[in-house]
Amino acid sequence: MNNMQHFLYGGDYNPNQWDKTIWQEDLEFFEEARINSATINVFSWAKIQPSEEEYDFNELDEVIEMLSKHKNHIVLATSTAALPAWMFKKYPEVGRTDFEGRRHKFGQRHNACPNSLVYQKYAKRLAGKLADRYGRNPNIAYWHVNNEYGGECFCENCEAAFRVWLKKKYKTIEALNKAWNLEFWGHTIYEWDEVVLPNALSEGISYEKTAFAGISIDYRRFNSDSMLENFKMERDEIRKYDLVTPITTNLMGTYRYLDYFKWAKEMDIVSWDNYPAYNTPWSLTAMRHDLMRGLKQAPFMLMEQTPSQQNWQPYNSLKKPGQMRAQSYQTIAHGSNTIQYFQLRRSIGSCEKFHGAVIAHSGSKETRVFKEVKALGKEIEKIGEKILTTQNRSEVALIFDWDNYWALEYTSGPNKDLKYIDQVHQVYQYFYNQNISVDFVSTQDDLSGYKLVAAPVLYMVTGGMKQRLEAYVKDGGTLVTGFMSGIVDSSDNVHLGGYPGPLRKLTGIWVEEIDALAPEQFNEVSFSKGYLGKGALLSDVIHLEGAEALAHFASNFYKGHPAATVNSFGRGKVYYYGTQLDEESLKLFLDEATEQAKIDKRFSDTPLEVTYRFSMEETFIFIINLTQKNHSVPRKLIGKKDILTGSILEENQLFTPNEVRIIVE
């Protein structure tokens, strides 16, 4: 199956919200802007199925016929992310029950209980009818199931299904009691129907905290699996009628509540929606792109971005002139083979009326935004098909794991400010600043092709993870890990025998205690090279068991204890940092690890973002100025030709803010 036949440039299109007199005008805008695709039918269930047994495809037929005649590639959604009113009225059990125990009425979206048999019946039927009707249309480029799966349900349907899920996983009540440590507080379970889901009425301390992490982590796994089963149900129904068109659903980057590595295995291609805030670091946006690429180690689709501003964030700033173009090229550089917008025409009312669009409320082609979309469309028309043949390659892998994400943030202590994404991003940011490409991998992926693997806050070590990491390092790999790693098993029970548990031999250290530092506190950290830095958040009290100290704490009662270490293991090295290092200290520490691993740093001396995509014959080098200052051309690129402008990069030339150049070698 060829998942990427065309470079799509388009976005969400809702002609059903407009009079048909507007449709032809829309097509004129699309043609002028070189828009070649439209994502349709995302929220049309109520129109397609006005009652339980009645279906009306007349308008959708017209829309698909219009786009097909115009030779647009169509991303056809299944509309199952928002239920019609009649379904709530007749079957109120389809609605979700929230963490507080309140059953919701008709309204908003993502409003279906994923374990409702009624919802599943009608969602499956709708997906099948759509596929049967349109699956042979050659203009259908992708199927888009549901939309931005998310949220949780805590109803009786889910509680019953959770018990079935647990019985399948644990087999016996005894195994369940042991896994969840239910001797604590006398919570022993005697029968499966005594299992209660963990909401505010039971084990939930708050939505983010729980009395029994084992229960709540399992419920996160169960909820992710439940929604995934809904996706698979629609996918499989589509496949009865359409055997070839790729099927996807739009993910949301580092979204906490779904295990995207597990989801990606069931998707033909990963797509996602990128909505950074006005103050989101460019490194964090790049990290999310790399994570989406890493889910399948393959190019992905950018399903949504705004051409100008969001409407749902606290401060919905306009993108500055050139920023949308630079952001789009950053997306392509990190692995996207589409650029798609939400939305193509700005809604007239409701909560998204101020969300940006290609066509503004003015209906004018003279807007700044439309002109920028048009200019980018012409460039993508020129180079897009060449990009399709390329892939990203990296010498560095960074482990990302949703089980760790859930477990680390559910744990009570040692510091409420310990957040998984923050810790992963701090390490990623080092590589980003050095222009070192990173692949994100799961805890199950093969590591052997990487020179260096980073595993920050690897709190939960399960299954054969210990053996895989040991084999990787023994064969000559370089591993970087640190505080709050190797602490618990898959049920959040502590690995006994001293921290970092299964990683103790690998790291060559024993962590006796873990100190928590309040926001105003820090420890001084003295490096062997003479630099005095700072450590915050947490501090490990470390004893060496074969490792060598690279830095020591220079304050607090554990002054003189190691703060960062390196251990030889087989033919490889393990680097460990025992506190949240400040940016310069972390750079000093990771510089040593990357030099040991012989990582390519040819563009580490420029503040410009430099990213590669490779084909069998060519290398595409993307150079983007995402700073607010002018910067010189990197010396290694002087004399090279920019394929966007045809100009040669000269020695005294400056990259202005949001400027983009692409070199092909």
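Leaving aside its neighbours within four places in sequence, which residues is Ser-308 in contact with? Keep in mind that this is a predicted model, then select Ser-308, which sits in the loop between β8 (301-304) and α11 (323-333). Around Ser-308 you will find Ser-317, Leu-318 and Lys-319, along with Gly-356, Ala-357 and Val-369. Is Ser-308 buried or exposed? Its relative accessibility is 5%, and buried means under 20%, so Ser-308 counts as buried.

Next, select helix α11 together with helix α10 (residues 282-294). Their axes come within 10 Å and cross at roughly 40°. The crossing of α10 past α11 is right-handed.

Now show the side chains here. On the α10 side, pick Trp-282, Thr-285, Ala-286 and His-289; they meet Gln-323, Gln-327, Gln-330 and Thr-331 of α11. Colour this contact by residue type and you get two nonpolar residues, six polar ones and no charged ones.

For the last stop, select strand β9 (residues 338-341). Thr-338 and Gln-340 point one way from the strand, while Ile-339 and Tyr-341 point the other way. Which of these are buried? All of them are.

Zoom in on Leu-8 and look across to β9: the residue standing opposite is Thr-338.

Key: Residues are numbered from 1 along each chain as its sequence is written. This is a predicted model: local features need pLDDT of at least 70, side-chain atom pairs count only at pLDDT 80 or more; totals for chains, interfaces and linings use all residues. Side-chain values use heavy atoms; hydrogens and water are left out. Buried means under 20% relative accessible area, exposed over 50%, partly exposed in between (1.4 Å probe, protein chains only). Helices (H or I, at least four residues) and strands (E, at least two) are DSSP runs, numbered from the N terminus. Two strands pair if DSSP finds at least two bridges between them. Contact means heavy atoms within 4.5 Å. Axes are lines fitted to C-alpha atoms, for helices over the stretch in contact, and angles run from 0 to 180 degrees between N-to-C directions. A crossing is left-handed if the near helix is turned anticlockwise from the far one by less than a right angle, and right-handed if clockwise. Ala, Val, Leu, Ile, Met, Phe, Trp, Tyr, Cys and Pro count as nonpolar, Asp, Glu, Lys and Arg as charged, and the others, Gly among them, as polar.
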